[in-house]
Amino acid sequence: MKYFCSIIFNKRYNILSKFFSSNIIRIKFSENLEFNIPNERDHKKKLLKFISIIKLKINEFYKNKIKISLENHQDLDSDDFIFILSKIRNRNFGICFDTANSLATIETPYYFINKFHKRIIHTHLKNYLLSINKDQLIL
């Protein structure tokens, strides 16, 4: 299974996925690269909007034999994934598991894999060196 990275629902995804011989498109919830804790109400609204967009488009991807994989990025923790997956019950939608990104939400890769192994359809492996001092964990 080959992997293709795309901005969510780029109108050219079908052409690009065929060009790269890919049947998986990786998406992220947001472009947020900061570790700010979002306002809970705003975050929930964004989650619901995101879910509605996925539901609206998922059959188009299915028709083109392309799976959608949502990456576990620092803007989503396990509780968010449980919520999203409970709303999008479709075998064409799964998780792109990034081994290092789970650390950004204070969850170990082992914890994340145990919780979501049935919905992981792609994996990013990393060989980061971890360094710990008295104040922080550094990748």
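**Entry 1: E71 and R26**

I then checked where the two residues sit in the chain. E71 belongs to strand β3 (residues 67–71) and R26 to strand β2 (residues 24–27). The two are 45 residues apart, and the pair links distant parts of the chain. I also looked up accessibility: E71 and R26 are both buried.

**Entry 2**

How many salt bridges does the count come to? I get 2 salt bridges. Side chains of opposite charge can pair when their charged atoms come close.

Where do E60 and K57 lie? I find both in helix α2 (residues 40–63), 3 residues apart, so about one helical turn separates them. For accessibility I wrote down 31% relative accessible area for E60, which is partly exposed. K57 is partly exposed as well, at 30%. Both values lie between the 20% and 50% limits, which means neither residue is classed as buried or exposed.

**Entry 3: T105**

Next I looked up T105. I located T105 in the loop between α4 (101–104) and α5 (109–116). Is T105 buried or exposed? Its relative accessibility is 16%, and because the limit for buried is under 20%, T105 counts as buried.

I listed the contacts of T105, leaving out residues up to four places away in sequence: H73, Q74, L76 and D77. On the side chain of T105, a polar atom lies 2.9 Å from the backbone oxygen of S102.

**Entry 4: confidence**

I finished with pLDDT. The protein averages 80, and 83% of the residues score at least 70. Which elements have the lowest and the highest mean pLDDT? Strand β1 (residues 4–5) has the lowest, 41, and helix α3 (residues 78–87) has the highest, 95.

Over residues 1–8 I see pLDDT staying under 50. The model has 30 contacts beyond four places in sequence for residues 1–8. Where pLDDT is low, the predicted coordinates should not be read in detail.

Note on methods. Residues numbered from 1 in each chain as written. Heavy atoms only, no water. Salt bridge = Lys/Arg side-chain N within 4 Å of Asp/Glu carboxyl O. Helix = DSSP H or I, 4+ residues; strand = E, 2+ residues; numbered from the N terminus. Buried < 20%, exposed > 50% of the residue type's maximum accessible area, 1.4 Å probe, protein only. Contact = heavy atoms within 4.5 Å. Polar contact = N/O pair within 3.5 Å; in protein donor to acceptor, adjacent residues only side chain to side chain. pLDDT = per-residue confidence, 0-100.
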